[in-house]
Amino acid sequence: MAYESILFEQAEGVATVTLNRPDKLNAFTAAMHRELAVALDRIARDRTVRAVLLTGAGRGFCSGQDLADPEFPSGADADLGAPLDALYNPLVRRLRALDRPVVCAVNGVAAGAGANIALACDIVLAARSAKFIQAFCRIGLVPDSGGTVTLTRLAGEARAKGMALLGEPITADQALAWGLIWQVVEDADLPAAAGALAARLAAAPTRALALTKRAIHAAATTDMDAQLDLERDLQREAGQGTDYREGLAAFLEKRPPVFTGR
Ligand code: LHQ
C-alpha cells in the first residue's frame, strides 16, 4: 500500500510510523486511520520488527480528529460513536495489544485523541516544547481513545478531571511530573533520543517485553492474588525462551547478551 497520510520506515528491527499531515498538525482523518491500521497489522505480522516508533511530522504531534474531514460525521443526527467504533478504538486496541514495545515521540502539541493515542503507547518521550491538551471539552465532547482510563490511572482523578474539564494545555515537564510520560528531552534532541530508545528496545528480549507489557496491562484490573498467578504463568513462558538462555549465559560468562527476540 502507498501511504499518503503517514510515513512508514523499517530498519534494523525498528518500524517508524510518522503521522504526516503537518499543515493540519497531523489531525486524524479516516484515511489516516486506514493507513495506520494497515501499517500496524503489517508490523504485527512481521517478526523482524522488534520495536515501533510513533511520531509526527512538522511542529505538531497530532491535533486529534480532523474536524473538517469530509468523512467525519456531521449534521444534527451525526453519530460520533461511529468513528470511535470504526477507527479510534481499534487503533488503541492495536497499540495496546501489539507484542512489541511502542515508543511515542511527542514532537509538538498533542491534542484531543492525539494526546490520548500518545498515552496509549508504552514509552512516551516528549520534546520540551510539546503540550498535551484534553481539547474535547472545548468543543462540547468527552475524552476518548482511552484517555479517561490512561489519564486517571497515570495522573490520578484530580489531575485527570482538571485536564479534561478545563481543557488547558499542560507542558511536557508537567506531564512528566504527573507521571503521564517517561521522559522530556530538548526539542532538537528528540529524534535522536527516541531513535536510540527504539533501537535499544529492538535489541532487547522482545518476547519477555511483550509478556511484561501484558502483565502491566492486567495489573490495572486485577488484585495481587490473581496477578501473582499471572506472573508465575508469564515467567514460565519467558523461561522457555531462547533469550532467557542467552541472558543467563551472558551474565554467567560476563559478556553482553545478544538477544534474538525469541
Ligand atoms: C486542524 C485541527 C483539527 C482540523 C489544527 N482539525 N484542522 C474522535 C471522533 C469522534 C468523536 C470526537 O472525538 C474524536 C477525537 C478528537 O480528537 S476530538 C478533538 C479534536 N481536536 C481538537 O479539538 C483540537 C483542535 N485544534 C486546536 O485546538 C489547535 O489547533 C491546537 C491547540 C491543537 C494547536 O493550536 P495552534 O498551534 O495555534 O495551531 P492552529 O490552530 O493554527 O492549527 C494549525 C492548522 O491546523 C490550522 O489550519 P490553517 O489552514 O488555518 O493553517 C488549523 O485549522 C489546523 N488544525 N487542529 N483537529
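Biologist: In which sense do strand β1 (residues 6–11) and strand β2 (residues 14–19) pair, and over how many bridges?
Modeller: This is a predicted model, where local features need pLDDT of at least 70, side-chain atom pairs count only at pLDDT 80 or more, and totals for chains, interfaces and linings use all residues. Residues are numbered from 1 along each chain as its sequence is written, and side-chain values use heavy atoms, without hydrogens and water. Strands are DSSP runs of E (at least two residues) and helices runs of H or I (at least four), numbered from the N terminus, and strands pair if DSSP finds at least two bridges between them. For β1 and β2 the sense is antiparallel, over 6 bridges.

Biologist: Which residue in the turn of the β1–β2 hairpin has a positive phi?
Modeller: Within the pair, isoleucine 6 stands opposite leucine 19 in β2. The hairpin has 2 residues between its strands. The one with a positive phi, about 50 degrees, is glutamate 12.

Biologist: Which residues does glutamate 9 touch, leaving aside those up to four places away in sequence?
Modeller: Glutamate 9 is part of strand β1. Its C-alpha atom is separated by 10.0 Å from that of alanine 39, 30 residues apart along the chain. By contact (heavy atoms within 4.5 Å), glutamate 9 touches Val14, Ala15 and Thr16.

Biologist: Which residue in β6 stands opposite cysteine 62?
Modeller: An open sheet of 4 strands has the order β4-β6-β8-β9, again with mixed pairing. β4 pairs with strand β6 (residues 109–111) in the parallel sense over 2 bridges. Opposite cysteine 62 stands alanine 110.

Biologist: Are helix α4 and helix α5 parallel or oblique to each other?
Modeller: The axes (lines fitted to C-alpha atoms over the stretch in contact, with angles from 0 to 180 degrees between N-to-C directions) of α4 (residues 147–155) and α5 (residues 157–166) come within 7 Å and cross at roughly 135 degrees. Angles under 35 degrees count as roughly parallel, over 145 as roughly antiparallel, 65 to 115 as roughly perpendicular and the rest as oblique. The two helices, α4 and α5, are therefore oblique.

Biologist: Which residues in α5 are met by Leu151, Thr152 and Ala155 in α4?
Modeller: On the α4 side the residues are Leu151, Thr152 and Ala155. On the α5 side they are Glu157, Arg159, Ala160 and Met163.

Biologist: How are helix α8 and helix α9 oriented to each other?
Modeller: The contact includes Leu211 and Ala215 in α8, and Leu230 and Leu234 in α9. The axes of α8 (residues 206–219) and α9 (residues 224–239) come within 10 Å and cross at roughly 170 degrees. α8 and α9 are therefore roughly antiparallel.

Biologist: How far is a nitrogen atom of the ligand from a polar backbone atom of glutamine 65?
Modeller: A backbone N or O atom of aspartate 23 lies 3.5 Å from an oxygen atom of the ligand, and one of serine 63 lies 3.0 Å from a ligand nitrogen. Both are polar contacts (N or O pairs within 3.5 Å). For glutamine 65 the distance to a ligand nitrogen is 2.8 Å.

Terms used: A polar contact is a pair of N or O atoms within 3.5 Å; within protein, one must be able to donate a hydrogen and the other to accept it, and residues adjacent in sequence count only if both atoms are side-chain atoms.
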